[in-house]
Amino acid sequence: MEFIKCIVLGVVQGIGEFLPISSSAHLILVPYLLGWKESSMAFDIALHFGTLMAVLVIYFKDWWNLFIGACKNLFKKEDTTEGKMFWYLVVATIPAALVGFLLDDVIEGFFRNQIWAIALLLALMGVFIYAGDKWASKHYRKKEVPFEKITLKQAFLVGCSQAFAVFPGFSRSGTTILAGRLMGLSKEAITKFTFLMSVPIIAGATVLKIGELQMTSEVIIGIITSFVVGVISIKFLLQYIKKHDFSIFAFYRIIIAILVYIKLIWF
């Protein structure tokens, strides 16, 4: 049974980390809905490590080019798009890193016992994502900003929005995608920026918690599962947004929140 739980939670993390549905919320709500004992925060971090490997595999070439561009900018004073975007990603990472370092354990420790609050945030962000994406598509239309044209101000504000991800239910990708869309970034631009920005954040969280983790066979299975599903999720979303908006994820969040409240009230 423990192996099944690890696989299920690995799938949940692999999907939830990259789709705007909140992996942290699902890692709490899925065991609650299924009547399972809640997993430890250290195990959750192990699953995050799997998704970190997934995004590194997909975006290895991009990160390599960003690093080379940053080196050229720093040592050769050459201005390149890659160098600029590297430093923008650094700036965007700072707000969430500070909030996560200072408040993550306190906030998540509180919310892990407040199922109703997680469901509420899940539903509210669903409404915000739906309304924000629809508004952006109508307001900006053909004026959407591509990835290469993201400004420092936009990168910083997206980074600030990422800090809300310490609250289970908000969703790191959900808040950053919403912030980017409200500022006129194209779906492709903010999705790529979000995925790239996830690397230092997940890596930092993994380093902070790695000492609490015991590499059992169950943990290894969870990591492998979240990695494989994470790769599939990234590729899926990149293809999906070419022809669709984010409405389906908004509806899904609201439906899950309703199911949680039904169980809270009647069961």
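A search of the whole structure finds 13 aromatic pairs. This is a predicted model, in which local features need pLDDT of at least 70 and side-chain atom pairs count only at pLDDT 80 or more, while totals for chains, interfaces and linings use all residues. Residues are numbered from 1 along each chain as its sequence is written, and side-chain values use heavy atoms, with hydrogens and water left out.

User: By what is a pair of aromatic rings described?

Analyst: A pair of aromatic rings is described by the distance of the centres and the angle of the planes. Rings of Phe, Tyr and Trp (its six-membered ring) pair if their centres lie within 6.5 Å; planes under 30 degrees apart count as stacked, over 60 as edge-to-face and the rest as tilted. The search found 13 such pairs. In one of them, tyrosine 130 and phenylalanine 251, the ring centres are 5.4 Å apart and the planes stand at 40°, so this pair is tilted.

User: Which parts does the pair of tyrosine 130 and phenylalanine 251 tie together?

Analyst: Helices (H or I, at least four residues) and strands (E, at least two) are DSSP runs, numbered from the N terminus. Tyrosine 130 belongs to helix H6 (residues 115-140) and phenylalanine 251 to helix H11 (residues 247-266), so the pair ties together parts that are 121 residues apart in sequence.

User: Which residues do ring pairs link into a cluster?

Analyst: The cluster consists of Phe236, Tyr240, Phe246 and Phe249, linked by ring pairs.

User: Where does a charge sit over a ring?

Analyst: The criterion is that NZ of Lys or CZ of Arg is within 6 Å of the ring centre and within 35 degrees of the ring normal. The charged end of lysine 263 is placed over the ring of tyrosine 32, 4.7 Å from its centre. Lysine 192 lies over the face of phenylalanine 147, with 4.6 Å to the ring centre.

User: At roughly what angle do helix H2 and H6 cross?

Analyst: Axes are lines fitted to C-alpha atoms, for helices over the stretch in contact, and angles run from 0 to 180 degrees between N-to-C directions. The axes of helix H2 (residues 23-34) and H6 come within 11 Å and cross at roughly 125°. The crossing of the two helices is left-handed, meaning that the near helix is turned anticlockwise from the far one by less than a right angle; clockwise would be right-handed.

User: Which residues make the contact between H2 and H6?

Analyst: Contact means heavy atoms within 4.5 Å. H2 contributes Ala25, His26, Ile28, Leu29 and Tyr32, and H6 contributes Ile115, Ile118 and Leu122.

User: What does serine 198 touch?

Analyst: Serine 198 is in helix H9 (residues 187-209) and counts as buried at 0% relative accessibility. Not counting residues up to four places away in sequence, serine 198 touches Phe18, Val55 and Arg172.

Note on methods. Buried means under 20% relative accessible area, exposed over 50%, partly exposed in between (1.4 Å probe, protein chains only).
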